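Biologist: I would like a close look at one part of this protein. Please take the sheet and walk me through it.

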Amino acid sequence: IAVEAGYGLTSAPLSIDERVLHYLAGINALDLQLQTWLRPSPSPEWIADDHKEVAARAARICQTYSNNPPLLHFCGDDAQGQEDAAALAAQLIGRQLFVVGAAELPAIGPELDQFIRLWEREALLLPGALLIQAGPGEFAQAASHLAERLPGCVFLASQEPVRLNRSFLRFDADKPPPVEQKRLWVKALGAGAANFNGALDRLSEQFRLSAKTISVTGALA
């Protein structure tokens, strides 16, 4: 509840934030002020076995330390797989995952502080989990500031390891190995996989692809 300025406390008009009003009326959607930065990430239909295991471990940690969970850092060369793992972990603990790009964050200052305040509220109302996604060389000061201050269920994804002034747990999340890639190809191609006459072995050995890329390519094939 906001107290309008310029009045005495007992006579000042009161107002309620539109997001909270909608929530009380039974409409629970992400705050419009955050939609500029955040995008929803649904639980994946396709996920590598290694990433499924990472997601399960991450979910157990969030449940064990529900009052103050550590930051969970997914590190490796599979950005899509890291997002899949975070989305599945969020689903396992009954939360909705939203993703923010590290390079898209506002600079440290009032705008970033407002982002933090709004997300703290969204994490409770939705309830939500946040993934801070950093591309190569994109982990700037704003991303560190955010990762070190946000409470609740927060994931960080990057190719390189990071240093933070906060306790966190790191999980490797690289592109699937050849054996796992072949399994995903067979699943993606369905009955048509038999027509490739051993080419899937060579394909899996030569290329390192994420589960999502394999599923989309298999559908096109």
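Biologist: To begin, how many helices and how many strands are there in the protein chain?

Modeller: This is a predicted model. The protein chain has eight helices and eight strands. Now to the sheet. Six strands build it, in the order 3-5-6-7-4-8. The sheet is open, and its pairing is mixed. Strand 3 (39-41) and strand 8 (168-172) are the edge strands. Each of these two pairs on one side only. Neighbouring strands of the sheet are turned against each other by 30° on average, direction ignored.

What holds such strands side by side? In general, strands of a sheet pair through backbone hydrogen bonds, either parallel or antiparallel. Take one pair as an example. Strand 6 (residues 128-133) and strand 7 (residues 154-158) run parallel. Four bridges join strand 6 to strand 7. Look for Leu-130: its bridge partner in strand 7 is Val-154.

Helix 2 (residues 49-64) lies across strand 4 (71-75), strand 7 and strand 8. Helix 2 runs at about 165° to strand 8.

Finally, step back to the whole chain. Its C-alpha trace spans about 80 × 40 × 30 Å along the principal axes. Of the 221 residues in the protein chain, 43% are buried. Consider contacts with a separation of 6 or more: residues 24 or more positions apart account for 75% of them. The protein chain exposes about 12000 Å², and carbon and sulfur atoms supply 53% of that area.

Note on methods
Residues are numbered from 1 along each chain as its sequence is written. This is a predicted model: local features need pLDDT of at least 70, side-chain atom pairs count only at pLDDT 80 or more; totals for chains, interfaces and linings use all residues. Side-chain values use heavy atoms; hydrogens and water are left out. Buried means under 20% relative accessible area, exposed over 50%, partly exposed in between (1.4 Å probe, protein chains only). Contact means heavy atoms within 4.5 Å. Accessible areas come from the Shrake-Rupley method with a 1.4 Å probe; for residues, only the protein chains shown count as cover. Two strands pair if DSSP finds at least two bridges between them. Axes are lines fitted to C-alpha atoms, for helices over the stretch in contact, and angles run from 0 to 180 degrees between N-to-C directions.
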